[in-house]
Amino acid sequence: MAYYKDDRELFVFKEVSSFHIQSAVLSDSGNYFCRTEGKLLPGKSSNIVKIRVQELFQHPVLTASDFQPIEGGPVSLTCETQLSPQRLYVQLRFCFFRENQVLGSGWSSSPELQIPAMWSDDTGSYWCKAETVTPRVRKQSLQSQIHVRRIPISNVSLETRVPGGQVTEGQRLILLCSVAGGTGNVTFSWYRESTGTILGKKTQHSLSAELEILAVKESDAGKYYCQADNGHEPIQSKVVNIPVRIPVSCPVLTLRAPRPQAVVGDLLTLHCEAQRGSSPILYWFYHENVTLGNSSAPSGGGASFNISLTAEHSGNYSCEADNGLGSQRSEAVPISISGPDGYRRDLMTARVLGGLFGVLGFTAAALLLYCLFHKTSGESYATSEPRGASRTNPQVSTYSSPIPDMEELQPVYANVGSVDMDVVYSQVRSIQHSEDSANTIRTFLENKDSQVIYSSVKK
């Protein structure tokens with residue numbers, strides 16, 4: 001017994017038997033009959049049976065929300081098919097592919113697949129498959145091309161992000177490079193204009209990127225720009241000038257008076273200056289931590305403050321510098337103020353000393369000449385005296401002038417130095433001389449305290 005389809009032999013049995021098609025497909029449609037043959041019987045054929053196999057579901061068709069999406073945009077894929085009216089209860093499942101790569105999570109009961117963002121690398125051939133759960137019937141759609149379009153970069157800009165809105169030495173600085181339009185992987189680059197040196201580079205799927213400088217230095221001040229490129233051509237931003245503000249350093253206070261020892265009525269100038277710091281700088285001046293006033297330095301440098309001295313202005317002075325980035329206080333500088341009497345006393349002392357040195361010079365010269373004259377006269381007298389002669393009263397001087405009373409020698413100047421000076425002058429006495437007073441002076445000098453040192457004073 002043999003079975004035939006469209007006059008083509010399918011199978012031959014050696015006995016009466018049935019022919020089974022386990023899972024019918026569309027290609028199984030056709031005209032079937034069977035034929036028997038025997039040794040004693042002539043062969044005979046059966047009638048022809050026409051079989052038409054219907055589709056359980058149609059071949060799927062892949063559709064997309066956009067077959068030319070803009071890079072970065074979403075796309076929705078759908079695997080469309082339809083079950084036979086006689087088999088609407090059959091369950092189907094679906095799977096999507098790109099270049100032989102399974103998309104999403106694989107097989108799913110949903111005929112749709114959502115792709116949140118398409119990039120240039122996603123350009124290629126897409127198709128889908130649909131199958132029944134039981135019995136297994138699988139069908140594949142035709143391939144469809146999806147081309148992802150890339151938009152060039154546009155409107156590149158550079159801006160700074162810093163705490164407080166101003167770039168300060170030592171703080172963190174962020175350079176933000178952004179684009180208004182463009183798709184795909186964007187490569188961002190940062191440059192310093194003065195040197196053309198590249199500071200950093202980043203490639204990412206975004207319209208902006210950041211470059212961080214952890215601690216800004218004074219040398220970082222200058223002009224900067226950035227570039228963005230997504231494969232078409234690099235686009236440059238405008239140049240941005242970034243000034244770096246410097247906190248003030250510890251200032252130095254200098255006191256200036258018209259004389260070494262300031263007195264009441266003098267004009268005292270307080271000059272405060274910080275060696276580093278961005279302008280403008282405001283200087284405050286203090287006396288014993290009490291504010292005297294302030295002065296500004298719009299272009300940097302130092303500033304001065306004047307006061308007319310009174311007796312209460314003795315004490316410690318200090319100053320403070322502030323440019324809005326933090327203040328710094330100087331070390332205290334002391335000053336002592338003398339009264340007006342002290343100044344007049346110092347002036348008188350200077351005048352007295354001038355006269356004193358003149359008197360001492362004259363006195364020393366007179367003493368020296370008289371001593372020399374006395375020595376010459378004494379030697380001549382002794383030579384003319386007869387040998388062996390004796391004096392009647394050796395205690396009585398040959399000179400007729402009496403010895404002056406020591407109590408009558410009153411000092412002309414005594415301790416005339418100012419108490420503010422380090423030098424205190426000794427007593428100075430004026431002695432009236434006569435031509436017969438040499439012994440008197442010698443006796444006076446010999447009887448003085450041995451601790452007193454006498455010295456000639458040059459005129």
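**Exercise 1. Determine which cysteine is joined to cysteine 272 by a disulfide, and characterise the bond.**

*Solution.* Step 1: cysteine 272 pairs with cysteine 319, and their sulfur atoms lie 2.0 Å apart. A disulfide is taken here as a pair of cysteine sulfur atoms within 2.5 Å. The model is predicted: local features need pLDDT of at least 70 and side-chain atom pairs count only at pLDDT 80 or more, while totals for chains, interfaces and linings use all residues. Residues are numbered from 1 along each chain as its sequence is written, and side-chain values use heavy atoms, with hydrogens and water left out.

Step 2: the torsion about the S-S bond of cysteine 272 and cysteine 319 is about 65 degrees, so this disulfide is right-handed.

Step 3: the pair links distant parts of the chain, with cysteine 272 in strand β23 (residues 267–273) and cysteine 319 in strand β27 (residues 315–322), 47 residues apart. Strands (E, at least two residues) and helices (H or I, at least four) are DSSP runs, numbered from the N terminus.

Step 4: cysteine 272 has a relative accessible area of 0% and is buried; cysteine 319, also with a value of 0%, is buried. Buried means under 20% relative accessible area, exposed over 50%, and partly exposed in between (1.4 Å probe, protein chains only).

**Exercise 2. State how many disulfides the structure has, and describe their pattern along the chain.**

*Solution.* Step 1: the count comes to 3 disulfides.

Step 2: one of them joins cysteine 79 to cysteine 128, with an S to S distance of 2.1 Å. Its torsion is about 75 degrees, so the bond is right-handed. Cysteine 79 belongs to strand β7 (residues 75–80) and cysteine 128 to strand β11 (residues 124–132), so the pair ties together parts 49 residues apart in sequence.

Step 3: cysteine 177 and cysteine 226 form another, their sulfur atoms being 2.1 Å apart. Both of these cysteines are buried.

Step 4: when bonded cysteines are counted along the chain, the pattern reads 1-2, 3-4, 5-6.

**Exercise 3. Explain why cysteine 95 is too far from the closest cysteine sulfur for a bond.**

*Solution.* Step 1: the closest cysteine sulfur belongs to cysteine 128.

Step 2: the sulfur of cysteine 95 is 9.1 Å from that atom, so the two are too far apart for a bond.

Step 3: cysteine 95 has 2% relative accessibility and therefore counts as buried.

**Exercise 4. Identify the salt-bridge partner of lysine 139, and decide whether lysine 139 is buried or exposed.**

*Solution.* Step 1: a salt bridge requires a side-chain nitrogen of Lys or Arg within 4 Å of a carboxyl oxygen of Asp or Glu. Lysine 139 meets this rule with glutamate 55, the closest N and O atoms being 3.3 Å apart.

Step 2: the two residues come from distant parts of the chain, 84 residues apart: lysine 139 is in strand β12 (residues 138–140), and glutamate 55 is in the loop between β5 (49–51) and β6 (61–64).

Step 3: lysine 139, at 11% relative accessibility, counts as buried, whereas glutamate 55, at 28%, is partly exposed.

**Exercise 5. Give the number of salt bridges, and name the residues that shared partners join into one network.**

*Solution.* Step 1: the structure holds 12 salt bridges.

Step 2: among them, aspartate 220 pairs with lysine 217, with the closest N and O atoms 3.9 Å apart.

Step 3: salt bridges that share partners join Arg93, Glu131 and Arg138 into one network.
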